[in-house]
Structure formats: structure tokens, C-alpha cells
Amino acid sequence: MSDADSLKVPFSRPSISKAEENAVLEVLRSGWLTTGKYALQFEQDFSAFMNRDSEILANRKSENLESGEVISLAVNSNTSGMILAMEACGVGLGTSIITTPYTFVSTATCARHLGADVLFADLESDSYSIDPAKVEKILKSPAGKTVKAIVPVHIAGNLCNMKEICRLGKKYNVKVIEDAAHSFPSKTELGYAGTIGDAGVFSFYVTKTITTGEGGMVCTRNKEMAAQMIKMRMHGMDRTTWDRYTSPRASWEYDIVAPGYKFNLPDILAAIGVEQLKRAEDFFEKRKTVVQKYNEAFSKLDFIQLPPDGEGNSWHLYLMRIIPEKLKIDRNAFAKLLQKEGIGISVHFIPLFNFTYWKNLYPEFTPENYPCAADNYDRTISIPLWPDMTAYMAQQVIDAVIKIGTENHA
């Protein structure tokens with residue numbers, strides 16, 4: 001029995017139907033398991049989803065943003081996609097990116113893999129989003145001259161201030177790469193998250209809003225960037241494996257035109273994604289039902305602050321924020337008591353300034369210099385939120401939170 005099986009309410013569980021099972025079986029029986037027609041279909045279906053609102057293009061033109069259609073490229077992880085997007089934006093040795101310290105480590109380490117430095121901007125005081133004013137302060141500084149890309153992270157599916165961030169990108173001639181790992185299908189008047197800036201990268205890890213088990217998708221409206229990422233995604237080959245083995249041209253005839261990577265998404269995973277995409281909006285509505293139940297209950301408690309809820313929030317995570325002044329225990333103790341009650345929890349995120357690698361790399365990268373990120377970390381717990389949660393499960397979470405808060409109230 002796994003730890004998740006012993007919990008009353010697991011932190012997360014994917015919603016897998018017969019459609020996904022049958023799709024995987026079809027791939028297995030086809031004899032073609034690697035990247036092929038299902039990956040291509042997943043890309044096409046994802047692009048169609050992102051391009052279905054024609055009003056968005058008019059809105060983008062009014063903001064002087066790229067108004068071409070979205071091109072989607074399937075990859076084997078969000079991390080792979082971020083490396084491709086950064087490389088296509090010119091990130092490399094002697095350059096830097098700006099991102100938030102409040103993110104999963106790969107957002108920043110992708111730049112390091114390319115030889116670039118990472119400059120960090122703190123969060124807004126009232127959200128988990130990177131603060132555009134602090135981004136601009138960096139861009140105005142001498143260090144800003146090396147910046148090739150701003151990388152905002154849409155924490156929990158709640159979008160950053162993309163209008164202002166894109167404005168900064170234009171003003172300082174730097175690219176905007178959205179870390180959209182949490183934010184499918186967040187939608188705004190300027191497009192879905194991950195399609196607003198110059199590029200965006202999604203995650204389909206098992207806990208995400210749709211899953212392929214492992215995997216991701218890179219989106220861009222820029223054809224030149226798309227061509228560069230396609231070239232680099234698979235060893236720098238000028239032909240895909242699917243083309244080499246299904247076209248009349250000899251399979252061994254190909255050229256290597258760049259020192260590329262091995263970042264392709266296999267069909268066995270893409271087939272799951274094709275079916276999950278069909279259910280994405282249903283998943284979204286089910287998550288919102290759980291969120292409404294949480295919000296209604298927690299709004300009555302003086303020791304809980306409701307999470308931010310801006311335009312297009314996909315509600316990937318429910319970031320429950322305790323108010324330490326109202327409690328005799330800290331966040332860690334509260335989280336452990338939830339686990340003791342059988343509630344699966346997590347923490348999103350441990351700010352990068354707490355990790356040995358980053359502390360050793362940048363001595364000035366300390367909690368004191370990023371007070372908003374440090375404060376959010378000290379009081380945030382991610383509680384269960386997934387599509388197939390029942391009302392009874394949600395109530396079990398609520399009851400546990402109320403019990404712990406009441407018993408430990410200051």
C-alpha cells in the first residue's frame with residue numbers, strides 16, 4: 001500500500017478514464033511507441049484549443065503584441081520546453097534571465113544549463129506573482145544589460161501581470177517566456193496563459209491540470225522561434241523520426257544542422273494527452289466546485305487568508321495561507337497536523353534562496369532581500385484539489401483545517 005492509499009484525502013490524483021486506457025492500448029498494439037502520429041495530433045489539437053477565440057488576435061494587435069496563430073510543440077517535460085524556449089530567445093553564456101525566487105527549481109536551472117545567470121525579482125506584496133516594478137528595477141540596472149528574457153511564473157494557475165510584463169519586454173527589447181506549468185487552461189483577453197508572451201511552456205506532469213504522466217508543451221506565435229525549437233528538440237536533425245520511417249525517402253538520409261537535444265514526447269504519452277485535452281474544461285469546472293466549497297468555509301475563519309483569484313485563474317492548486325498571528329503554531333506544525341489527520345498536503349514552493357546550490361552561487365540571494373517570497377513561504381500550505389474529489393473529501397479537508405485551527409488558536 002502506498003502512502004497515498006493510507007490517506008483519507010490524497011493531495012492529488014489524476015483522472016484517468018477508459019478513453020485514456022484505450023488510447024494507450026491502441027499505441028501499444030500499433031507497434032509505434034515513440035514520437036509519431038499521436039504526438040502530432042496532440043500538438044495540432046492543443047494549437048486548435050489555443051487558437052479558437054478570434055477576438056484574442058484583435059486584442060493583441062491593440063496591445064502591439066504578436067498576433068499570429070499559436071504553434072504548439074510537444075516535449076518530454078516542462079523543463080525541456082523551457083530550455084528550448086530560452087535557447088530560441090538567445091539565452092546562453094554571458095546572458096541572463098529574470099525570474100521569481102518563488103518557483104520550482106527548474107525555472108531557474110534551465111538558464112544555468114545554457115550557461116546563463118539568473119536575476120531574481122521579488123513577488124508582489126499581495127500575491128504569488130513576480131512584481132513588474134521589481135523586474136524593471138533590474139532592467140534599469142547595469143545587470144539588466146545582459147538580460148535576454150523575463151520568465152514570469154503563473155503560480156497555482158493565477159496569472160502574473162502579463163500586460164505590464166509584456167510592456168517591459170517591448171520597452172527593454174527582451175523576450176517574455178511564460179512558465180505556464182500550472183496554468184492550463186487559464187484564459188485572458190490577450191490569450192491563454194502560455195500564449196501571451198513570446199513563448200510559454202506547460203507541464204503535463206502527473207499532478208497537473210491535464211497529464212501525460214510526464215511531458216509538456218511549448219507554445220509560440222513566432223514562426224522563427226518555432227523553427228529553431230523544432231530543430232533543437234530532436235538532436236538537431238532536419239527530419240523527424242516519424243518522417244524518416246513513413247515517407248518514401250530513405251530513413252537513413254538526414255542531416256544534423258545543430259547540436260540539439262533529446263526532448264521529444266513519445267506517442268504512448270501523447271495518446272493520453274489527446275484524451276485528457278478533451279476533458280480539460282470539465283476538469284476545470286470540477287476544480288472550481290471544490291474551490292468554492294473551500295472558499296465558503298475558510299472565509300469564516302480568522303486564521304486563514306483566501307488565495308488570490310485573478311483573471312483566468314486555472315485553479316491548479318489551492319494555496320491555503322495561514323495567519324500566524326492568530327495561531328500558536330507555525331506553518332510546518334499546521335501542515336504536519338493535517339497529515340496526521342489523513343490529509344495529503346504539499347508546499348508550493350520552497351523559495352530558491354533556501355537551497356544550497358543557489359546560496360553558494362549568489363551570496364546576496366537571501367530571504368531578507370526577498371521579503372514577500374519569504375513571507376508567503378512561511379504561511380502557505382497546498383491542500384488537496386483535483387477533479388475527482390468528492391464533496392465528502394472536500395469536507396474532510398475543511399473539517400481537519402477547522403479542528404487544527406480551533407485547537408491551536410492564539
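Lys163 comes out as partly exposed, at 41% relative accessibility; here buried means under 20% relative accessible area, exposed means over 50%, and partly exposed is in between (1.4 Å probe, protein chains only). You're looking at a predicted model, where local features need pLDDT of at least 70, side-chain atom pairs count only at pLDDT 80 or more, and totals for chains, interfaces and linings use all residues. Residues are numbered from 1 along each chain as its sequence is written, and side-chain values use heavy atoms, leaving out hydrogens and water.

**Salt bridges**

- The whole structure holds 17 salt bridges, each one a side-chain nitrogen of Lys or Arg within 4 Å of a carboxyl oxygen of Asp or Glu.
- Lys163 has one with Glu63, at 3.9 Å from N to O.
- Lys163 sits in helix 7 (residues 162-172) and Glu63 in the loop between helix 3 and strand 1, so this pair ties together parts that are 100 residues apart in sequence.
- Arg112 and Asp117 make another salt bridge, with their closest N and O atoms 3.5 Å apart; Arg112 is partly exposed at 26%, and Asp117 is partly exposed at 35%.
- Arg167 pairs with Glu136 at 3.8 Å, N to O.
- That pair links distant parts of the chain, with Arg167 in helix 7 and Glu136 in helix 6 (residues 132-140), 31 residues apart.
- Arg167 is partly exposed at 36%, whereas Glu136 counts as buried at 13%.
- Glu136 and Arg167 also belong to one network with Glu164 and Lys171, joined by salt bridges that share partners.

**Strand 8, covered on both faces**

- Five of the five residues in strand 8 (residues 199-203) are buried.
- In a regular strand, side chains alternate between the two faces of the sheet.
- Here Ala199, Val201 and Ser203 take one side, Gly200 and Phe202 take the other, and all of them are buried.
- Strand 5 (residues 175-179) runs parallel to strand 8, joined by three bridges; two strands count as paired if DSSP finds at least two bridges between them.
- Ile177 has Ala199 of strand 8 as its bridge partner.
- Strand 9 (residues 216-220) runs antiparallel to strand 8, with four bridges, and its Cys219 stands opposite Gly200.

- Most residues other than glycine have a negative phi, and most peptide bonds are trans.
- Phe184 to Pro185 is a cis peptide bond, with omega near 5 degrees, and Pro185 lies in the loop between strand 5 and strand 6 (187-188).
- His348 to Phe349 is also cis, with omega near 0 degrees; Phe349 is in the loop between helix 12 (331-340) and helix 13 (356-361).
- Asn64 isn't a glycine, yet its phi is positive, about 60 degrees.
- You'll find Asn64 in the loop between helix 3 (55-62) and strand 1 (71-75), and it is exposed at 56% relative accessibility.
- His235 has a positive phi too, near 65 degrees.
- The loop between helix 8 (223-233) and helix 9 (241-246) holds His235, which is partly exposed at 32%.

Key: Helices (H or I, at least four residues) and strands (E, at least two) are DSSP runs, numbered from the N terminus.
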